[in-house]
Amino acid sequence: MRKTFITILSVFMLVSCGNSNKDNKKIEPIQEETTVVEENTFVKTLDYKTFVKKVWDIETYPDSVVYQGKVPCVIDFYADWCGPCRAIAPTLQALAEQYDGEIVIYKVNIDNSPEIARAFGIRSIPAVLYIPLKGEPAMTVGGRDKAKFENEIATYLKK
């Protein structure tokens, strides 16, 4: 029975993986599908230069976070290839709309801005940083649902 199964499987593999390019056309490699987070009016993507202007001037204050915003912020450290990062993106968008004017939600791509990730010691993503107007920032790691985000916003930003 096992030999029959292996024989059938081998024949199937040979037939399905055979040369189907009979016209000698160039075969394009299969590209892995990635989700690109588009810039929108609610969630802002930060590069190093914008981060230094809007959030924390790392060069002037290298030893402590001196937040430069006018309202508290949430920073999502993510990468395009990260499944859990892509999973929380719609939730962050909804929260950015819900809390518009009360808090700002930023995204930092760790592949494009590794110096920002290093400044916060990011070792796992998604990592979410909460920066209140006064007090110490708080960091959480991992995926979460909207209720958990709302609880963390109330705990860390709306004291």
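This is a predicted model: local features need pLDDT of at least 70, side-chain atom pairs count only at pLDDT 80 or more; totals for chains, interfaces and linings use all residues.
**Exercise 1. Determine which geometry the ring pair of Trp 56 and Phe 120 has, and which parts the pair ties together.**

Solution. 
- Step 1. A search of the whole structure gives 4 aromatic pairs.
- Step 2. In the pair of Trp 56 and Phe 120, the ring centres are 5.3 Å apart and the planes stand at 65 degrees. Planes over 60 degrees apart count as edge-to-face, so this pair is edge-to-face.
- Step 3. Trp 56 sits in the loop between α2 (48-54) and β2 (73-78), and Phe 120 in the loop between α4 and β4; the pair therefore ties together parts that are 64 residues apart in sequence.
- Step 4. Trp 56 is buried at a relative accessible area of 4%, and Phe 120 is buried at 18%.

**Exercise 2. Do likewise for Phe 77 and Phe 120, then name the cluster that ring pairs form.**

Solution. 
- Step 1. The ring centres of Phe 77 and Phe 120 are 5.6 Å apart with planes at 55 degrees, so the pair is tilted.
- Step 2. Phe 77 is in strand β2 and Phe 120 in the loop between α4 and β4, so parts 43 residues apart in sequence are tied together.
- Step 3. Phe 77 is buried, with a relative accessible area of 0%.
- Step 4. Ring pairs join Phe 51, Trp 56, Phe 77 and Phe 120 into a cluster.

**Exercise 3. Describe how β4 and β5 are paired, and what lies on each face of β5.**

Solution. 
- Step 1. The two strands run antiparallel and are joined by 4 bridges.
- Step 2. Val 128 has Thr 140 of β5 as its bridge partner.
- Step 3. The covered face of β5 (residues 138-141) carries Ala 138 and Thr 140, while the uncovered face carries Met 139 and Val 141.
- Step 4. The hairpin has 6 residues between the strands, and Gly 135 in this hairpin takes a positive phi near 105 degrees.
- Step 5. In the loop between α4 (114-119) and β4 (127-131) is Pro 126, joined to Ile 125 by a cis peptide bond with omega about 0 degrees.

Notes
Residues are numbered from 1 along each chain as its sequence is written. Side-chain values use heavy atoms; hydrogens and water are left out. Buried means under 20% relative accessible area, exposed over 50%, partly exposed in between (1.4 Å probe, protein chains only). Two strands pair if DSSP finds at least two bridges between them. Rings of Phe, Tyr and Trp (its six-membered ring) pair if their centres lie within 6.5 Å; planes under 30 degrees apart count as stacked, over 60 as edge-to-face and the rest as tilted.
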